[in-house]
Amino acid sequence: MKKILAPSILSADFGNLSDQIKLVQNAGAGFIHCDIMDGRFVPNITFGSLIVEAAKKSTTLPLDVHLMIVEPHLHLDSFLKAGADILTVQFEAVTHLDRVINQIKEGGAKAGVAINPGTPVDLLSEVLEIIDLVLVMSVNPGFGGQKFIPNAVKKIEKLAELRDEMGLNFMIEVDGGINLQTAPIVAAAGADVLVAGSAVYNSANVTETIKNFLKIINHRG
Ligand code: DX5
Ligand code: ZN
(Lines give C-alpha, C1' and ligand atoms only; values in the text may rest on other atoms or scores of the structure.)
(Ligands and ions follow the chains in the order given, each with its own letter.)
Protein backbone atom coordinates (compact mmCIF):
# COMPACT_ATOMS: atom_id res chain seq x y z
CA MET A 1 0.00 0.00 0.00
CA LYS A 2 1.24 3.48 -0.83
CA LYS A 3 2.14 5.55 2.17
CA ILE A 4 0.16 8.72 2.76
CA LEU A 5 1.32 12.23 3.59
CA ALA A 6 -1.16 14.17 5.73
CA PRO A 7 -0.24 17.86 5.93
CA SER A 8 -1.42 19.52 9.14
CA ILE A 9 -3.18 22.80 8.48
CA LEU A 10 -2.01 23.97 11.91
CA SER A 11 0.97 25.57 10.15
CA ALA A 12 -1.04 26.88 7.18
CA ASP A 13 -1.95 30.52 6.54
CA PHE A 14 -5.50 30.68 7.90
CA GLY A 15 -6.17 33.86 5.95
CA ASN A 16 -5.99 31.72 2.80
CA LEU A 17 -7.03 28.38 4.21
CA SER A 18 -8.95 27.18 1.19
CA ASP A 19 -6.04 27.84 -1.18
CA GLN A 20 -3.58 26.31 1.27
CA ILE A 21 -5.61 23.10 1.34
CA LYS A 22 -5.96 22.99 -2.45
CA LEU A 23 -2.23 23.52 -2.79
CA VAL A 24 -1.37 20.37 -0.82
CA GLN A 25 -4.12 18.32 -2.45
CA ASN A 26 -2.81 19.20 -5.92
CA ALA A 27 0.74 18.32 -4.87
CA GLY A 28 -0.24 14.77 -3.85
CA ALA A 29 -1.26 14.90 -0.17
CA GLY A 30 -3.50 11.98 0.85
CA PHE A 31 -5.32 13.31 3.93
CA ILE A 32 -5.84 16.79 5.39
CA HIS A 33 -4.87 16.67 9.08
CA CYS A 34 -6.82 19.02 11.39
CA ASP A 35 -5.35 19.60 14.87
CA ILE A 36 -8.02 20.49 17.42
CA MET A 37 -6.63 21.83 20.71
CA ASP A 38 -8.70 23.02 23.65
CA GLY A 39 -6.30 24.79 26.00
CA ARG A 40 -6.96 22.06 28.58
CA PHE A 41 -5.64 18.72 27.33
CA VAL A 42 -2.86 20.76 25.76
CA PRO A 43 -1.82 24.34 26.54
CA ASN A 44 -2.78 25.73 23.16
CA ILE A 45 -6.17 26.53 21.62
CA THR A 46 -6.52 26.11 17.85
CA PHE A 47 -9.88 25.79 16.13
CA GLY A 48 -13.14 23.88 16.24
CA SER A 49 -15.73 22.29 14.01
CA LEU A 50 -16.50 25.47 12.05
CA ILE A 51 -13.04 25.43 10.50
CA VAL A 52 -13.30 21.68 9.85
CA GLU A 53 -16.56 22.39 8.00
CA ALA A 54 -14.81 25.08 5.97
CA ALA A 55 -11.90 22.74 5.20
CA LYS A 56 -14.37 20.10 4.01
CA LYS A 57 -15.62 22.49 1.32
CA SER A 58 -12.08 23.03 0.02
CA THR A 59 -11.06 19.44 -0.64
CA THR A 60 -12.13 16.03 -1.83
CA LEU A 61 -9.46 14.39 0.37
CA PRO A 62 -10.44 12.67 3.62
CA LEU A 63 -10.31 14.98 6.65
CA ASP A 64 -8.17 13.44 9.38
CA VAL A 65 -9.32 15.15 12.57
CA HIS A 66 -7.07 14.83 15.63
CA LEU A 67 -8.83 15.80 18.86
CA MET A 68 -6.42 16.95 21.55
CA ILE A 69 -9.25 17.82 23.91
CA VAL A 70 -10.60 16.65 27.25
CA GLU A 71 -13.99 14.91 27.30
CA PRO A 72 -14.00 14.31 23.55
CA HIS A 73 -17.29 12.36 23.81
CA LEU A 74 -19.06 15.70 24.22
CA HIS A 75 -17.86 16.93 20.83
CA LEU A 76 -17.82 13.90 18.55
CA ASP A 77 -21.14 14.72 16.93
CA SER A 78 -20.16 18.24 15.94
CA PHE A 79 -16.93 17.04 14.28
CA LEU A 80 -18.76 14.19 12.56
CA LYS A 81 -21.35 16.64 11.23
CA ALA A 82 -18.57 18.99 10.13
CA GLY A 83 -17.22 16.26 7.85
CA ALA A 84 -14.51 14.37 9.72
CA ASP A 85 -13.71 11.18 7.80
CA ILE A 86 -11.25 9.94 10.42
CA LEU A 87 -11.79 11.04 14.01
CA THR A 88 -8.95 10.39 16.44
CA VAL A 89 -9.11 10.84 20.20
CA GLN A 90 -6.21 10.93 22.62
CA PHE A 91 -6.06 7.76 24.73
CA GLU A 92 -5.08 9.85 27.77
CA ALA A 93 -8.19 12.04 27.50
CA VAL A 94 -10.81 9.29 27.40
CA THR A 95 -12.41 7.34 30.24
CA HIS A 96 -14.74 5.03 28.28
CA LEU A 97 -12.61 4.30 25.25
CA ASP A 98 -14.68 1.42 23.86
CA ARG A 99 -17.81 3.56 23.95
CA VAL A 100 -16.10 6.52 22.27
CA ILE A 101 -14.72 4.32 19.48
CA ASN A 102 -18.16 2.88 18.82
CA GLN A 103 -19.73 6.35 18.84
CA ILE A 104 -17.31 7.47 16.14
CA LYS A 105 -17.93 4.40 14.00
CA GLU A 106 -21.70 4.66 14.40
CA GLY A 107 -21.37 8.26 13.24
CA GLY A 108 -19.93 6.97 9.96
CA ALA A 109 -16.25 7.90 10.42
CA LYS A 110 -13.14 5.83 10.89
CA ALA A 111 -12.02 5.71 14.53
CA GLY A 112 -8.47 6.48 15.61
CA VAL A 113 -6.71 6.47 18.97
CA ALA A 114 -3.60 8.59 19.59
CA ILE A 115 -0.95 7.80 22.19
CA ASN A 116 1.43 10.34 23.69
CA PRO A 117 5.19 9.67 23.83
CA GLY A 118 4.83 8.51 27.46
CA THR A 119 1.97 6.10 26.75
CA PRO A 120 2.91 2.51 25.90
CA VAL A 121 1.47 0.67 22.90
CA ASP A 122 0.41 -2.20 25.20
CA LEU A 123 -2.41 -0.10 26.63
CA LEU A 124 -4.21 -0.39 23.27
CA SER A 125 -4.33 -4.18 23.27
CA GLU A 126 -8.05 -4.38 24.08
CA VAL A 127 -9.11 -2.00 21.29
CA LEU A 128 -6.79 -2.81 18.38
CA GLU A 129 -9.42 -5.10 16.88
CA ILE A 130 -12.07 -2.39 16.72
CA ILE A 131 -10.11 0.67 15.60
CA ASP A 132 -9.17 1.86 12.13
CA LEU A 133 -6.06 3.83 13.02
CA VAL A 134 -3.43 4.22 15.74
CA LEU A 135 -1.72 7.60 15.91
CA VAL A 136 1.73 7.47 17.48
CA MET A 137 2.64 10.93 18.78
CA SER A 138 6.29 11.69 18.18
CA VAL A 139 6.12 14.96 20.13
CA ASN A 140 4.16 15.90 23.23
CA PRO A 141 1.07 17.40 21.62
CA GLY A 142 0.35 21.10 21.87
CA PHE A 143 2.45 22.91 19.31
CA GLY A 144 3.70 22.60 15.76
CA GLY A 145 7.41 22.73 15.00
CA GLN A 146 8.73 20.58 17.87
CA LYS A 147 11.60 18.12 17.74
CA PHE A 148 10.92 14.45 16.91
CA ILE A 149 11.06 12.12 19.96
CA PRO A 150 12.71 8.89 18.77
CA ASN A 151 10.84 6.40 21.00
CA ALA A 152 8.06 6.63 18.40
CA VAL A 153 10.11 4.41 16.09
CA LYS A 154 9.99 1.32 18.28
CA LYS A 155 6.33 1.94 19.04
CA ILE A 156 5.55 1.96 15.31
CA GLU A 157 7.55 -1.25 14.84
CA LYS A 158 5.70 -2.90 17.69
CA LEU A 159 2.31 -1.90 16.29
CA ALA A 160 3.24 -3.22 12.84
CA GLU A 161 4.26 -6.52 14.44
CA LEU A 162 1.07 -6.77 16.49
CA ARG A 163 -1.00 -5.99 13.42
CA ASP A 164 0.62 -8.89 11.57
CA GLU A 165 0.36 -11.31 14.47
CA MET A 166 -3.29 -10.46 15.09
CA GLY A 167 -4.23 -10.37 11.39
CA LEU A 168 -5.61 -6.83 11.65
CA ASN A 169 -5.48 -3.91 9.25
CA PHE A 170 -5.57 -0.67 11.24
CA MET A 171 -3.46 2.15 9.81
CA ILE A 172 -0.39 3.35 11.71
CA GLU A 173 0.00 7.13 11.68
CA VAL A 174 2.80 9.23 13.16
CA ASP A 175 2.58 12.90 14.09
CA GLY A 176 5.13 15.46 15.30
CA GLY A 177 8.55 16.54 14.09
CA ILE A 178 8.19 14.75 10.76
CA ASN A 179 10.43 16.25 8.10
CA LEU A 180 12.52 14.99 5.18
CA GLN A 181 15.08 13.57 7.67
CA THR A 182 12.71 11.74 10.04
CA ALA A 183 10.16 10.64 7.39
CA PRO A 184 12.24 7.78 5.94
CA ILE A 185 12.91 6.42 9.45
CA VAL A 186 9.24 6.22 10.46
CA ALA A 187 8.23 4.95 7.02
CA ALA A 188 10.75 2.12 7.29
CA ALA A 189 9.50 1.32 10.80
CA GLY A 190 6.01 0.72 9.36
CA ALA A 191 4.08 4.00 9.47
CA ASP A 192 1.40 4.22 6.78
CA VAL A 193 0.37 7.85 7.32
CA LEU A 194 2.84 10.64 8.07
CA VAL A 195 1.57 13.95 9.43
CA ALA A 196 3.71 16.98 8.68
CA GLY A 197 2.82 20.55 9.57
CA SER A 198 5.73 22.96 9.67
CA ALA A 199 7.92 20.92 7.31
CA VAL A 200 5.27 21.33 4.61
CA TYR A 201 3.72 24.73 5.16
CA ASN A 202 6.84 26.58 6.30
CA SER A 203 8.90 25.34 3.36
CA ALA A 204 9.84 27.66 0.53
CA ASN A 205 8.10 25.51 -2.08
CA VAL A 206 5.21 23.49 -0.69
CA THR A 207 4.57 21.53 -3.89
CA GLU A 208 8.21 20.54 -4.25
CA THR A 209 8.41 19.54 -0.56
CA ILE A 210 5.38 17.28 -0.82
CA LYS A 211 6.79 15.62 -3.92
CA ASN A 212 10.08 15.02 -2.07
CA PHE A 213 8.23 13.54 0.91
CA LEU A 214 6.29 11.16 -1.33
CA LYS A 215 9.42 10.07 -3.14
CA ILE A 216 11.25 9.35 0.12
CA ILE A 217 8.45 7.52 1.92
CA ASN A 218 7.43 5.35 -1.02
CA HIS A 219 10.81 4.50 -2.45
CA ARG A 220 10.76 1.01 -0.89
CA GLY A 221 7.69 0.22 -2.98
C1 DX5 B 1 1.11 18.30 17.65
C2 DX5 B 1 0.07 18.19 16.52
C3 DX5 B 1 0.75 17.94 15.22
C4 DX5 B 1 1.65 19.05 14.83
C5 DX5 B 1 2.57 18.63 13.75
O6 DX5 B 1 0.57 18.88 18.74
O7 DX5 B 1 -0.79 17.12 16.76
O8 DX5 B 1 -0.13 17.57 14.19
O9 DX5 B 1 0.97 20.18 14.47
O10 DX5 B 1 3.38 19.70 13.50
P11 DX5 B 1 4.90 19.54 13.05
O12 DX5 B 1 4.87 18.70 11.82
O13 DX5 B 1 5.29 20.94 12.80
O14 DX5 B 1 5.62 18.89 14.19
ZN1 ZN C 1 -2.01 16.11 14.95
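The structure is a predicted model.

**The zinc site**

- The zinc ion (ligand 2) is held by H33 through NE2, D35 through OD, H66 through ND1 and D175 through OD, at 2.0 to 2.3 Å.
- Six donor atoms surround the zinc ion (ligand 2), and the angles they subtend run from 66 to 166 degrees, so the arrangement is octahedral. That label requires opposite donors to be over 155 degrees apart and all other angles to lie between 65 and 115.
- Along the sequence, the spacing of the donor residues of the zinc ion (ligand 2) is H-x1-D-x30-H-x108-D.
- Because D35 belongs to strand 2 (residues 32–37) and H66 to strand 3 (residues 63–68), this pair ties together parts of the sequence that are 31 residues apart.
- D35 has a relative accessible area of 5% and is therefore buried, the cut-off for this class being under 20%.
- H66 is also classed as buried, at 1% relative accessibility.

- L135 is located in strand 6 (residues 133–137).
- With a relative accessibility of 0%, L135 counts as buried.
- Once residues up to four places away in sequence are set aside, L135 touches H33, H66 and D175, together with T88, V113, A114, I115, E173 and V174.
- Between L135 and P150, which stand 15 residues apart along the chain, the C-alpha separation is 15 Å.

**Packing of helix 1 and helix 8**

- Two packed helices are described by the angle between their axes and by the distance between those axes.
- Helix 1 (residues 17–27) packs with helix 8 (residues 206–218) at an angle of about 40 degrees, and their axes are 9 Å apart. Helix 1 is therefore oblique to helix 8.
- The two helices, helix 1 and helix 8, cross in a right-handed sense.
- On the side of helix 1, the residues that meet helix 8 are L23, V24 and A27; their counterparts in helix 8 are V206, T207, I210, K211 and L214.

**I217 in helix 8**

- Helix 8 also contains I217.
- I217 is buried, its relative accessible area being 3%.
- Apart from neighbours within four places in sequence, I217 makes contact with K3, I4, L5, A183, A187 and L194.
- Although I217 and D192 are 25 residues apart in sequence, their C-alpha atoms are 9.2 Å apart in space.

- E71 has a phi near 45 degrees, which is a positive value in a residue other than glycine.
- The relative accessible area of E71 is 41%, so this residue is partly exposed.
- K57 sits in the loop between helix 2 (49–56) and strand 3.
- K57 is exposed, with a relative accessible area of 70%, where the class begins over 50%.
- The C-alpha atoms of K57 and F213 are separated by 25 Å, and the two residues lie 156 positions apart along the chain.

Notes
Residues are numbered from 1 along each chain as its sequence is written. Chains are lettered from A and ligands numbered from 1 in the order in which they are written. This is a predicted model: local features need pLDDT of at least 70, side-chain atom pairs count only at pLDDT 80 or more; totals for chains, interfaces and linings use all residues. Side-chain values use heavy atoms; hydrogens and water are left out. Donors are N, O and S atoms within 2.8 Å of the metal (3.2 Å for Na, K and Ca); water is not among the atoms, so sites may look incomplete. Four donors count as tetrahedral if all angles lie between 85 and 135 degrees; four count as square planar and six as octahedral if opposite donors are over 155 degrees apart and all others between 65 and 115; anything else is irregular. Helices (H or I, at least four residues) and strands (E, at least two) are DSSP runs, numbered from the N terminus. Buried means under 20% relative accessible area, exposed over 50%, partly exposed in between (1.4 Å probe, protein chains only). Axes are lines fitted to C-alpha atoms, for helices over the stretch in contact, and angles run from 0 to 180 degrees between N-to-C directions. Angles under 35 degrees count as roughly parallel, over 145 as roughly antiparallel, 65 to 115 as roughly perpendicular and the rest as oblique. A crossing is left-handed if the near helix is turned anticlockwise from the far one by less than a right angle, and right-handed if clockwise. Contact means heavy atoms within 4.5 Å.
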